[in-house]
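Here is a short briefing to read alongside the model.

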Amino acid sequence: MAAERRADRIRQTLEQEIVTGRLPPAARLDETRLAERFQVSRTPVREALMQLSTSGLVEIRPRQGATVAELGLKRMVEMFEVMAELEGLCARLAARRMGQDERAELQRLHEDTRRFVTDNDPDAYYAANLDFHEAIYAGSHNGFLAEQTRGLRQRLTPYRRIQLRRAGRLEDSFAEHEAVVRALLSGDADDAEQRLRRHVTVQGGAFTDFLSTLPYGDRGPAASTNEARTDGTKQDSKRRTAG
């Protein structure tokens, strides 16, 4: 039981570091270093990595060890397409099913993000943004849909988070949220679905801007792997990460 608790603690810590960008895509996760860091044997570390592999956040290859999962461009585009459809469906159902208290809470959560746009604080905005989207998932009153949407969002978090560092994206995101809230509060299921789907979809000129913000830029995933360290620190001071 104690070993399981240690594995859960390690998993939760690494999970948080992955989704916040401290551990970027392709970062190596060395069992020995992690065991030293958490002051445990390699057994709970190995169990934590297996759990993260099951959730899709970590890749484990024979004789190569574990790395933070890295999405190829085609796979990333496919996942964003599915994410947009799932979030759109959440919005459609939420427009029909949210109660008055839930609608008021969504409005409050949206207004809370305004100050982070004014302060140009993408990290604080992203944390509040998660609460905003979670309120819509909950408002769908479909637990299975919420679980599936949340799971895919977690896989894409390192990439979605980094979009907010693009110039002008905070303002655009807030305006898109504003339109989603109006549709939800008015009970317009079609409009709510379309607006949230469009909000999540990366397309047109925004897509090329998004690609330019990825952690490994034009150098490709291999360069990212060489620079990333197990403890989330940086070997190259010029390296940019989402967190």
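Helix H8 (143-163) gives the largest share of the lining of the largest cavity, 3 residues. This is a predicted model, in which local features need pLDDT of at least 70 and side-chain atom pairs count only at pLDDT 80 or more, while totals for chains, interfaces and linings use all residues. Residues are numbered from 1 along each chain as its sequence is written, and side-chain values use heavy atoms, leaving out hydrogens and water.

**Cavities**
- The count comes to 2 cavities of 30 Å³ or more; a cavity is a set of points on a 1 Å grid over the protein atoms alone where a 1.4 Å probe fits but cannot get out, and lining residues have an atom within 4 Å of a point.
- The largest cavity holds about 70 Å³ of space, a volume being the space filled by probe spheres set on grid points joined across faces, edges and corners.
- Of its 10 lining residues, Gly56, Leu57, Ala69, Arg155 and Tyr159 are the closest to the centre.
- By class, the lining of the largest cavity has 7 nonpolar, 1 polar and 2 charged residues (Ala, Val, Leu, Ile, Met, Phe, Trp, Tyr, Cys and Pro count as nonpolar, Asp, Glu, Lys and Arg as charged, the others, Gly among them, as polar).

**Second largest pocket**
- About 210 Å³ of space lies in the second largest pocket; a pocket is an open set with protein on both sides within 12 Å along at least five of seven lines.
- H8 gives the most to this lining too, with 5 residues, and helix H1 (2-19) and helix H7 (122-139) each supply at least two. Helices (H or I, at least four residues) and strands (E, at least two) are DSSP runs, numbered from the N terminus.
- The lining of the second largest pocket divides into 4 nonpolar, 4 polar and 4 charged residues, Arg150, Arg153 and Arg161 among them.

**Nonpolar cores**
- In the largest nonpolar core, of 32 residues, Leu106, Ile136, Leu156 and Leu184 touch the most other members. Such a core joins buried Ala, Val, Leu, Ile, Met, Phe, Trp, Tyr and Cys residues through side-chain atoms within 4.5 Å; buried means under 20% relative accessible area, exposed over 50%, partly exposed in between (1.4 Å probe, protein chains only).
- Helix H4 (73-97) supplies the largest share of this core, 11 residues.
- Apart from this core lies another, of 19 residues, including Ile10 and Leu57.

**Positive phi in loops**
- Arg63 has a phi near 65°, and lies in the loop between strand E2 (58-61) and strand E3 (65-68).
- At 85% relative accessibility, Arg63 counts as exposed.
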